[in-house]
Each structure stands twice: as C-alpha cells, then as structure tokens.
Amino acid sequence: MSIFSCAPVFSDHMVLQRGKNINVWGIGSDGSEVEVSLNGKTVRTAVKNHKWFAVLPPMEAGGAYEMTVSSHGETITFSDVMIGEVWLAGGQSNMELELQNSLDGKNVVKNIGSVNVRFYYTKKNAFMDDFFYADERDSCWCKASPETASCQSAVGYYFAKKLSEDLGVAVGIIGCNWGGTSASAWISREMLSSDRDTKSYVDEYDAAMSGKSFEQYCDELDDYNAYTEQWQPKINEFYRNNPNGEWGDALAFAGPCRYPEPLGPKSPFRAGGLYETMLKRVAPYTLAGFIYYQGESDDHKPNIYCKLLKMLIEQWRSDWNDDEMPFIFVQLPMHINRGEEDRKNWCLIREAQMRVHKTVANTGIAVALDCGEYGNIHPLDKRPVGERLELQALCHVYHKISEDKAYGAIYSSALNDGSDIVISFDYSKGGFEVRGERAVGFEVAGSDKKYFPANAVFEGERIRLSSEQVEKPEYARYNWVNYGEVTVFSKNGLPLAPFRTSRNDGFRI
C-alpha cells in the first residue's frame, strides 16, 4: 500500500503565502521523486527517510488555482487554492473564543457575505494515538461562510477580514490555540529546560508523573472526567440562576473545582505538549507572521513571563526558520473575578508584554486595556482586539500606516518637577482625550514608595501628575490594577497603555 501523501495542512481552499518561498511537504516511499506544480511553476524533490520537502518559488497574490502533487503515477490535486496572506493565530481561550460566541457573533456569522477569508484549525488533540492521526487526516481549509465561520476564532476572523479589505487579497488564518494553556505548552521541553526559571514548568510535570505509571495516570484522568461531568452542569445551573454570582457561592452550590485535570501525557497543559501535537504539525507552512493572545494562565508566575514569551517567540521563529518573522500579540485587558482580591499580577503580565515588544525586533502589541469585562475572563467584544492587531500588521509588516495611527500613547520617560512629576510618551501626537467625568487610574509615590491617587493635568502630549498626599513624587504609575476604569485615550481612539515609571518601586508579589 502506498504511503504517499501531503501533510494534512494542505487541502482544497487553502491560502498560500504570497511573496515568499512556499513550503510543501509530506511522506512517501524512499527514493521516489515528488513533483509539485502550481500556477505554472513546477519543482521536484526526492523522498528520504519516508519524508519529502519541496519549495515553490514566490508568487504574487491571485487565484483560484489548482495545485498538483505527484509521485510514482499517483497525483493529489488541490482545488480553489489562493495566493495571499497567511497568519497563525496562537494562544489560549481568548484567541480560541468562537465567532458565534462573541458579541453579536451569531448575527455576524449569519450575514457574513463574501469576505475573502479562509481558515484552517489545527486539530485539538493533546496525545498522539490512532485517533490523533485519523482526526488530523480529516482536517481541511474552509472558506468563511455562514456554514463554516461559527467555530472559528473571533479575533482571527476580525483580524483577517480587516486585513483582506485593506490589502485586497485573500487572507488565511491557521488556528493553533487551546484554552487555559500556559505559554510553556507551546515551547519544546528542550528549550524550556535550557533556563532555570522556565525549567520549573518541566519540573512540575516530571514531579506529577514521578513514580506513576501511565495506567495510574489514566485512572486519575478518568476519575477527574467523571467528576467534572457531574460538576459542570451544576456550575452552569448556578450561573443561569445567578448571573452575577460570586465564585465562592458557585463552589458552595456545585462542590469543589478540581480543574485543571491531572498533569500527565494526555494533558494539554503539560510543558511542551501542544508544541508537539499542534504547533509542529503545521510548521513550517509559509506564513506572513503570528498573532498571539495569551498570558492569563501564566499569571501565577508573572515575574518570569517576559522570559517565557521571548522564549516562545524564539522557538516559533526557529521552527519556521525565520529569525525575523513578525510576531504581534495582545496586551491583556482589565480583568478580575467577582469577589476576588486584586493581586496586581496581571499588571506584571502586561508590563512583561510591553517589555517584550520594546526589546524584541519585529514584534507588535495591541493594547486592549479597555476591552475587558468585570467578572469575565473571556470578554466578548473581540472586534477591537482583532482590528488593533491588524493595525499593528498594517504598520510593521505592510508599511501602510504610520506608528501614530497604529498605537495609542506608550510611556517613555518621567521628569520630577518639584511637587509634580511630568510624564512623556511615545505616539502621543495630538494629545489625549478623557472619557468620563475625569481621568482616573494615575498614582504617585514618594521615596517611601507608598502610592496615592494623583491629579492629572494634560499638557499637550505630556501629563503632569501631583497629589496633596505626596510632597515630592518620585514614582508614578497608571492603571496598575488587575481591573479598573479606563478613561484616557489618544486622539486616534486607542487607549493609553498601563505603565509604572520604575520596576524598582518596591512592588513584588
């Protein structure tokens, strides 16, 4: 029986990246030749160790085309192939959140029209068994339509729709995301183990499996699943009857939450797991870049998130053999659970994300501070998030707009001026606008590092801060909370990014 095939990520209706070498690969019989033809171009390659890899030359946007892949008299034909822009949409649940479940999503899906957007969703399987390979073979690209778009990433859809409209080409989104996952799930064990801090994720997995057989782990997983099957309907019932109920009351009604599932070989939350079972299954499909929305599940280790995110970017760029591959990510919005203490750990995640943007080349950041919802870690309005990611792409990747249009104001420097502290910003051209009765969220502190609310006076592109409770302010910060009101925006409508003037102001968790 022949083993000749292409990787499952290649199918009818796919979008291939314009302007770059196009990677095509699969499996076959050793020593055989494989021929790939598309849009008048043909390349040939040989099968070695049952694998083949071919590279088509760069092509301009266009289509629909037919691509054929042939070997030993067998031919695979892919129809309705477009050449355009391809982005991988990575992260956790806020990237995963489906269009049909987003704000006005069902109406958007129903009236989707003739958008030039296509999707491939990497199969969500955390363990490589027979089902894994059978399920992967059933994966395929699909055109955005009322019949297909419901389950696609809302952020990915709004990003792709706006990008397609602005560039006039087909845009393909490869979904590669899983709710509740740490960035460590998307990085190889080897790379995680290369650093003492990030190795902690590997150590936690190894400790969980220490002295435990695979069978014992599976028994624990079965017990967890049986419990959750009974528990989840109770939680759903509680929130149906108490939409604004607090988590503690929900647990009193339904019983203890045993999430997450036991850590082991089938867990999507294990270090390096989804890197193997999802990301590597689509690498190195030729891309324009990555969009990424994640960080919530690493809030228990916020002080190493900067290092972790940098490592993830390095890993993905390495797997695509492109050290300059654009990587655009979302800075976390406001969030706190009902009745929860504000531990300010999300502040550190946001700060780490901004640090990565400022220190890693070819990255973009979509500030989404105003896109959160009180008590909901999954805010439903994903349109502004997707469109802000698209602004970053238009600026940094396609050079269609200026930075002043792609960014809201971002902290640059602070100057002590007697009883005031004056803050300067990048991308503050035109000054600021305040939404609401007054600007809130600003604080200052003296040498004792005790913060008090500050009065903000807007002086063109700068902001002067003072407080009657701080005679000589030395430190300042803005919206240094997990959740709070967002009132200050740049004239282009994008929010002022949260900041603190010094990471050495004594704050630690």
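**Loops, sheets and helix pairs**

Modeller: Pro260 sits in the loop between α8 (247-254) and α9 (273-282). Bear in mind that this is a predicted model.

Biologist: What kind of peptide bond joins Tyr259 and Pro260?

Modeller: Look at omega for the bond between Tyr259 and Pro260: it is about 0 degrees. The peptide bond there is cis.

Biologist: And where is Pro284 found?

Modeller: Pro284 is joined to Ala283 by a cis peptide bond, with omega about 0 degrees. As for its place in the fold, Pro284 belongs to the loop between α9 and β12.

Biologist: OK, on to Asn321. Is it buried or exposed?

Modeller: Asn321 is in the loop between α10 and β13 (327-331). Its phi is near 55 degrees, a positive value in a residue other than glycine. The relative accessibility of Asn321 is 73%, and the cut-off is over 50%, so Asn321 counts as exposed.

Biologist: What about His399, what is its relative accessible area?

Modeller: You'll find His399 in the loop between α12 and α13 (403-406). Phi is positive for this non-glycine residue, near 55 degrees. His399 is exposed, and its relative accessible area is 62%.

Biologist: Let's go to Ser428. Which residues is it in contact with, leaving aside its neighbours within four places in sequence?

Modeller: Ser428 lies in the loop between β16 (420-426) and β17 (432-434). It counts as buried because its relative accessibility is 2%. A polar atom of its side chain lies 3.3 Å from the backbone oxygen of Glu461. Leaving aside those sequence neighbours, the contacts of Ser428 are Ala409 and Glu461.

Biologist: β16 is part of a sheet, then. Which are the edge strands?

Modeller: The sheet is open, has four strands in the order β15-β16-β21-β20, and its pairing is antiparallel. An edge strand pairs on one side only, and here the edge strands are β15 (410-417) and β20 (455-459).

Biologist: Now strand β9 (residues 117-121). Why is it largely enclosed by the rest of the structure?

Modeller: It comes down to how its residues are placed. β9 is largely enclosed because, of its five residues, the number buried is four.

Biologist: Next, Tyr293. What distance separates its C-alpha atom from that of Met95?

Modeller: Tyr293 is in strand β12 (residues 289-293), and with a relative accessible area of 1% it is buried. Its contacts beyond four places in sequence include Gly90, Asn94, Met95, Val155 and Val385. Tyr293 and Met95 are 198 residues apart along the chain, yet their C-alpha atoms are separated by 5.5 Å.

Biologist: Val155 and Val385 come up in the helices too. How is α4 oriented to α12?

Modeller: Val155 of α4 and Val385 of α12 are among the residues that meet where these helices touch. Helix α4 (residues 154-167) and helix α12 (residues 383-396) have axes 7 Å apart and pack at an angle of about 45 degrees. That angle makes α4 oblique to α12.

Biologist: Last one: is the crossing of α10 and α11 left-handed or right-handed?

Modeller: The axes of helix α10 (residues 305-319) and helix α11 (residues 345-359) cross at roughly 45 degrees and come within 8 Å, so α10 and α11 are oblique to each other. Among the residues making the contact are Tyr305, Leu309 and Ile313 of α10 and Ile349, Ala352 and Val356 of α11. The crossing of α10 and α11 is right-handed.

Key: Residues numbered from 1 in each chain as written. Predicted model: local features only at pLDDT ≥ 70, side-chain atom pairs only at ≥ 80, totals over all residues. Heavy atoms only, no water. Helix = DSSP H or I, 4+ residues; strand = E, 2+ residues; numbered from the N terminus. Buried < 20%, exposed > 50% of the residue type's maximum accessible area, 1.4 Å probe, protein only. Polar contact = N/O pair within 3.5 Å; in protein donor to acceptor, adjacent residues only side chain to side chain. Contact = heavy atoms within 4.5 Å. Pairing = 2+ DSSP bridges. Axes fitted to C-alpha atoms, helices over the stretch in contact; angles between N-to-C directions. Parallel < 35°, antiparallel > 145°, perpendicular 65-115°, else oblique. Left-handed = near helix turned anticlockwise from the far one by under 90°.
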